[in-house]
Amino acid sequence: MSFSIAIILPVRQADYLVNTVLDGFLCLEKIQKELEIKVTDQYPSPFDLSTHILSEDDFVAYAKEADLILLVWGKHATNYALAERINKWDKTIFIDGSECGKDHRYNPTLLKRLATDGYQGAGGIDLVGKRCALYFKRERPYTPGIIPLPFGIESRYVAYTLDAPLVKDIDFVCIFGQDQYPIMRRYATEMLKDFCRRGGFTCETKQTDGFTFDDATKQAGRNEFSKLLARAKVGISIGGGGFDTARFWEILGNNCLLLTEKIALYEPGSKALDYQRIFQFENLVEFKEQLTIIGRLLKTNYNESNLALEYQRVLHDHTSVARVWTIIDHARTAGILK
């Protein structure tokens, strides 16, 4: 594999899907030495991009000759102007990490509106993205021509599980950055703490040290969170402003059982997340029922070694590198990459 990729990053605004894509390409570059990646500047990256950044003029010249251009969405920060300047839409791919925000994903009327090109609110279909040769999207709707690309398991998520595995001595980890949207997060946390008190289980629910929404790189507090998940038997995920959340993939990446709000990350009927370790719920009644089932399993039949084979399949299918291969494979199928 030998080709060059130019990535138009958001300006001064980090995004989780951007970081998943960056991590995937940086990891793949170490394996595929003939892969070359160049990026724009002014992106607050948690990764070292110093050898990949070009000035704007140099980037434009590089992108015009590159095999593939990625235009990556960022909240109020997508660099549409640079894509227009390059003007190579036949080899430009749009990566859309947007979400409808707050509790809006529970609104069926809004979800229908999101599926129309005329809706230009948060989480809607990007009109510039539709001009691109391919359109990947983190969230529903997946209208014809739009390809699902959720977050993935980044290399930094698994540092305490793969390199030097920690003992899984915590039963449940349930930590959210905020618990207002949706309010289910707050109620689920309280229900879990009560369940653990009555059942004799251990749980961690306090935000990790250093966490802040103001962190430009979206890295603050994550090392400690990853360390907790590496020690956890069960992780709990509830979507926030979107269906997808980094927490979902951090839990899977740390070889935990996953108790999650009902999955809505792929097309209906998809088997992409068909794993025995995943337990789903739609409401707090079902959440409590699943807690009872998992609690019984932890006391009678939990064995970390039994999860090992499936864990390898999880890593094969859902690392950030797997996400990048999804992009590359579709680009090849579409004839953009030869």
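Modeller: Lys-137 is buried yet forms no salt bridge, the nearest side chain of opposite charge being Asp-96 at 4.4 Å. Buried means under 20% relative accessible area, with exposed over 50% and partly exposed in between (1.4 Å probe, protein chains only); a salt bridge needs a side-chain nitrogen of Lys or Arg within 4 Å of a carboxyl oxygen of Asp or Glu. This is a predicted model, in which local features need pLDDT of at least 70 and side-chain atom pairs count only at pLDDT 80 or more, whereas totals for chains, interfaces and linings use all residues. Residues are numbered from 1 along each chain as its sequence is written, and side-chain values use heavy atoms, with hydrogens and water left out.

Colleague: Which residue's backbone oxygen does the side chain of Lys-137 reach?

Modeller: Lys-137 lies in strand β5 (residues 134-137), strands being DSSP runs of E of at least two residues and helices runs of H or I of at least four, numbered from the N terminus. At 3.3 Å, its side chain reaches the backbone oxygen of Glu-139.

Colleague: Why is strand β3 largely enclosed by the rest of the structure?

Modeller: On one side of β3 Leu-68, Leu-70 and Val-72 are buried, as are Ile-69 and Leu-71 on the other. Strand β3 (residues 68-72) is therefore largely enclosed, because the buried residues number five of the five.

Colleague: Which residue in β4 stands opposite Ile-69?

Modeller: Strands β3 and β4 (residues 92-96) run parallel and are joined by four bridges, where pairing requires that DSSP finds at least two bridges. In this pairing, the residue opposite Ile-69 is Thr-92.

Note on methods. Lys, Arg positive; Asp, Glu negative; His and termini not counted. Polar contact = N/O pair within 3.5 Å; in protein donor to acceptor, adjacent residues only side chain to side chain.
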